[in-house]
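Hello,

Here is the structure I promised to pass on to you. Have a look at it first, and then read on for my notes.

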Amino acid sequence: MITFQQKILNLVKCFRRQWRLFSNSERTTVCGADCMLMALQLSMAEVNKQHCGDFTVSLSDVLETWNYLLHDKLGLSYENMKEPENYADVKKAYHTFLAKSNMLDLVDICQKCYSLGLLPEDESIAPVQLLEFISGITNVQENSGSVLPTPSTQVDRQGQENVKASILAKKSVCSYLSLLVNSKDDLALAHILNVPDRGLGREAFTNLKHASQKKKMSIFLMATSFIRTIELGGRDCASSLYDPLRAHVKGLSSFVTFIDKLQEIVGEILNPRIAGGRILSTVKMHLIKGRSNGDPFCQAVEEVVQDLDLKIKNIIDSQQEILTASTTGVSPTRPKLHSINHGTAYCGRDTVKVLLVLLDEESVHPPTQNKADLLYDNESLNLFGITSVLTLFRSPAQSNGSSPKPLRQRI
């Protein structure tokens, strides 16, 4: 029996096969449930800043708007629900953010597939089922039989820390892969700009964000453009154009150089199985560099990379089986239509397509249950030196020139 999660993955596979009907870019990535919620949070904070001057939003407001948005997008009744404040602006900002980031969310993919009649009826998903999956209700129901013990002992706390390290490790590795295939993904960049530590904190991210908005390009392309300008024309040439970014040259250069290194692997190693493994091992060494072997984050990165490497091999094996089955009885000397790229040929295309399939599979995982852990700064994030996306996108408070409070008051 096909699982509900497999049904959603089939939708995404359908989109990937017929991507031209959905998007103008083969590298469009799928925005899963957690990614959708983070995009909504940032959109609400941006709208609040426009109306109230403060880039912030409460968890209760995010969850209320989240529920309303899902009902609205899925065409479900929301007559008894109160429309959130500035909802029209929030909805517009949300879709603008996804479009700018070259992403499509699960709801849009589902509705487009059905409107085009691309899936058989036995694989149909009712809107209310998709609502329950994206909002996490399905996952809660499936796990309702097992009650987790309250963490009280040192072993429990250690186990909880390992789980959080595993979540952050997977998010970091997958964000590197996402940015590698989709350079417009600002969310992915926010997750890894300073992981590992490059001295690129909120101030650097803010300067990059403002510069990218001014130039109307993605944050990563802004960083790349800035570093390339310095490399080609020298510091003096770039100083007048990108003055705020001069303080972050070292960190930005390190980041751009590393992504270049990953892109070189994609372009130079034609075998996607070897290229995928090399990319993952390079990311792994980068993330654990300078950390002790007993570090929970290091151990988590090792496990995540092993898991993703196995998934890449399984994806390639599955593709080869399908290809073999579809070409049985065809003369090997006859050219196959699918082997012609129709103007889209480039080195490493097969590797990119495999990475996209891997990221598609990750996008249909059930959402995080603890929304506060996902959206806001907490002890686990601080423990691993990671800042929440909301904090990064919020510009640092400007000093008003007054002296700080006395030490006793600050404590």
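**Salt bridges**

The count of salt bridges comes to 16 in this chain, and please keep in mind that the model is a predicted one. As background, side chains of opposite charge can pair when their charged atoms come close.

In helix α11 (residues 219–233), arginine 228 and glutamate 231 are 3 residues apart, about one turn of the helix. Their side chains meet in a salt bridge with an N to O distance of 3.6 Å, and arginine 228 is partly exposed at 28% relative accessibility. In helix α15 (residues 296–326), aspartate 309 and lysine 313 are 4 residues apart, again about one turn. The closest N and O atoms of aspartate 309 and lysine 313 are 2.8 Å apart, and lysine 313 is partly exposed, with a relative accessible area of 28%.

**The overall picture**

The chain has 411 residues, of which 45% count as buried. It contains 20 helices and 2 strands. Among the contacts with a sequence separation of 6 or more, 72% are between residues 24 or more positions apart.

Glutamine 369 and glycine 136 are 233 residues apart in sequence, yet their C-alpha atoms are 6.7 Å apart in space. Glutamine 369 lies in the loop between α16 and α17 (371–375) and is partly exposed, at 41% relative accessible area.

In soluble globular proteins, nonpolar side chains tend to be buried together. Here the largest nonpolar core has 120 residues, and the members that touch the most others are Met36, Ile134, Tyr176, Leu252, Phe255 and Ile279. Helix α2 (residues 33–52) gives the largest share, 11 residues. Where does this core lie? Domain 1 (1–137) and domain 2 (159–325 + 344–365) both contribute residues, so the core lies between them.

Leaving aside residues up to four places away in sequence, methionine 36 touches Cys31, Trp66, Leu70, Tyr94, Asp105, Leu106, Val107 and Ile134.

Helix α13 is worth a look too. The buried residues in α13 include Leu252 and Phe255, along with Val249, Gly251, Val256, Phe258, Ile259, Asp260, Leu262, Ile265 and Val266.

**Cysteines**

How many disulfides are there? The count comes to 0. Cysteine 110 is in no disulfide, and the nearest cysteine sulfur, that of cysteine 113, is 7.1 Å away. Cysteine 110 is buried, at 5% relative accessibility, whereas cysteine 52 is exposed, at 63%.

**Backbone details**

The peptide bond from valine 195 to proline 196 is cis, with omega near 0 degrees, and proline 196 is found in the loop between α9 (186–192) and α10 (202–215).

Asparagine 86 is not a glycine but has a positive phi, near 55 degrees. Asparagine 86 sits in the loop between α3 (59–74) and α4 (87–100) and is partly exposed, at 25% relative accessibility. Asparagine 102 likewise has a positive phi near 55 degrees. The loop that holds asparagine 102 runs between α4 and β2 (103–105), and asparagine 102 is buried, with a relative accessible area of 12%.

Best wishes

Technical notes:
Residues are numbered from 1 along each chain as its sequence is written. This is a predicted model: local features need pLDDT of at least 70, side-chain atom pairs count only at pLDDT 80 or more; totals for chains, interfaces and linings use all residues. Side-chain values use heavy atoms; hydrogens and water are left out. Buried means under 20% relative accessible area, exposed over 50%, partly exposed in between (1.4 Å probe, protein chains only). A nonpolar core is a set of buried Ala, Val, Leu, Ile, Met, Phe, Trp, Tyr and Cys residues joined through side-chain atoms within 4.5 Å. Domain bounds come from an automatic or database domain assignment. Contact means heavy atoms within 4.5 Å. A disulfide is a pair of cysteine sulfur atoms within 2.5 Å. A salt bridge is a side-chain nitrogen of Lys or Arg within 4 Å of a carboxyl oxygen of Asp or Glu.
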